[in-house]
Amino acid sequence: MLENYTEVLRSRKVFVSEHGGRIVGLLILAGTSEGFILENVAVHPDFSGQGLGHRFLLLAEQEAIADGHASIHLYTHEKMVRNIDLYEKVGYVMYDRRTEGPYTRVFMRKTLGSR
């Protein structure tokens, strides 16, 4: 929420989904020192449960592979248990837990096959 989104649009891969002229989902990807990261995936609550989040996750994997990465990683707050469960169901595995400022984050990685 504190990001400068003008800079995000310039420096990262950003995808949006729209419906009826309004943005209903977004995906932000980037390269980091740890590899290819899924920085943010969000779906408007009105469109939850329709598969958009899953399609964004698949797109993130395709982009990672296209950029030559063998894996993709992400992090989420430790209290986001439903998100952690969802990521585990699609193949992500926790590899670290870090406290950064007031946040305890769970870091997860998914190994990708060639497509």
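Colleague: Which residues does Thr-76 touch, not counting residues up to four places away in sequence?
Modeller: Please keep in mind that this is a predicted model. Thr-76 touches Asn-83, Ile-84, Thr-104, Arg-105 and Val-106, once residues up to four places away in sequence are set aside.

Colleague: Where is Thr-76 placed, and is Thr-76 buried or exposed?
Modeller: Thr-76 has its place in strand β4. Its relative accessible area is 10%, and because buried means under 20%, Thr-76 counts as buried.

Colleague: You mentioned Arg-105. With which residue does Arg-105 form a salt bridge?
Modeller: The partner of Arg-105 is Glu-100, and their closest N and O atoms are 2.5 Å apart. Glu-100 has a relative accessible area of 30%, so it is partly exposed.

Colleague: How many salt bridges does the count come to?
Modeller: The count comes to 9 salt bridges. One of them joins the side chains of Arg-12 and Glu-39, at 3.1 Å from N to O. That pair links distant parts of the chain, 27 residues apart: Arg-12 is in the loop between α1 (5-11) and β1, and Glu-39 is in strand β3 (residues 35-43).

Colleague: What are the accessibilities of Arg-12 and Glu-39?
Modeller: Arg-12 is partly exposed at 23% relative accessibility. Glu-39 is also partly exposed, with a relative accessible area of 29%.

Colleague: And Lys-13, with which residue does it form a salt bridge?
Modeller: Lys-13 forms a salt bridge with Asp-67, with 3.1 Å between the closest N and O atoms. Lys-13 is in strand β1 and Asp-67 is in the loop between α2 (52-66) and β4 (71-77), so the bridge ties together parts 54 residues apart in sequence. Lys-13 is partly exposed at 27% relative accessibility, and Asp-67 is partly exposed at 41%. Lys-13 and Asp-67 also belong to a network of salt bridges with Glu-63.

Colleague: Let us turn to the strands. In which sense do β1 and β2 pair, and over how many bridges?
Modeller: β1 and strand β2 (residues 22-32) pair in the antiparallel sense over 7 bridges. Phe-15 has Leu-27 in β2 as its bridge partner, and Glu-18 stands opposite Ile-23 in β2.

Colleague: What lies between those two strands?
Modeller: β1 and β2 form a hairpin with 2 residues between them, and Gly-20 in the turn has a positive phi of about 60°.

Colleague: How is β2 joined to β3?
Modeller: β2 and β3 run antiparallel and are joined by 8 bridges. A hairpin through 2 residues connects β2 to β3. Across this pairing, Leu-26 stands opposite Ala-42 in β3.

Colleague: Where is Val-16, and what is it in contact with?
Modeller: Val-16 is in strand β1 (residues 13-19). Leaving aside neighbours within four places in sequence, Val-16 is in contact with Ile-23, Gly-25, Leu-26 and Phe-56.

Colleague: Phe-56 is new to me. Which residues of α2 are buried?
Modeller: The buried residues of α2 are Leu-52, Phe-56, Leu-57, Ala-60, Glu-61, Glu-63 and Ala-64. What covers them includes β1, β2, β3, β4, α3 and β6.

Colleague: What span should α2 have, and what span does it have?
Modeller: At 1.5 Å a residue, the 15 residues of α2 should span 21 Å, and the end C-alpha atoms are 21 Å apart, which agrees. After α2 comes Gly-68, whose phi is positive, near 85°.

Colleague: Finally, which residues touch the most other members of the largest nonpolar core?
Modeller: Of the 20 residues in that core, Leu-38, Ile-72, Tyr-92 and Met-108 touch the most other members. At least two residues each come from β2, β3, α2, β4, α3 (81-89) and β6 (103-111). The largest share, 5 residues, comes from α2.

Colleague: And what is Met-108 in contact with, beyond four places in sequence?
Modeller: The contacts of Met-108 include Ile-72, Leu-74, Ile-84, Tyr-87 and Tyr-92. Also among them are His-73, Glu-88 and Val-93.

Key:
Residues are numbered from 1 along each chain as its sequence is written. This is a predicted model: local features need pLDDT of at least 70, side-chain atom pairs count only at pLDDT 80 or more; totals for chains, interfaces and linings use all residues. Side-chain values use heavy atoms; hydrogens and water are left out. Helices (H or I, at least four residues) and strands (E, at least two) are DSSP runs, numbered from the N terminus. Contact means heavy atoms within 4.5 Å. A salt bridge is a side-chain nitrogen of Lys or Arg within 4 Å of a carboxyl oxygen of Asp or Glu. Buried means under 20% relative accessible area, exposed over 50%, partly exposed in between (1.4 Å probe, protein chains only). Two strands pair if DSSP finds at least two bridges between them. A nonpolar core is a set of buried Ala, Val, Leu, Ile, Met, Phe, Trp, Tyr and Cys residues joined through side-chain atoms within 4.5 Å. The expected span of a helix is 1.5 Å times one less than its number of residues.
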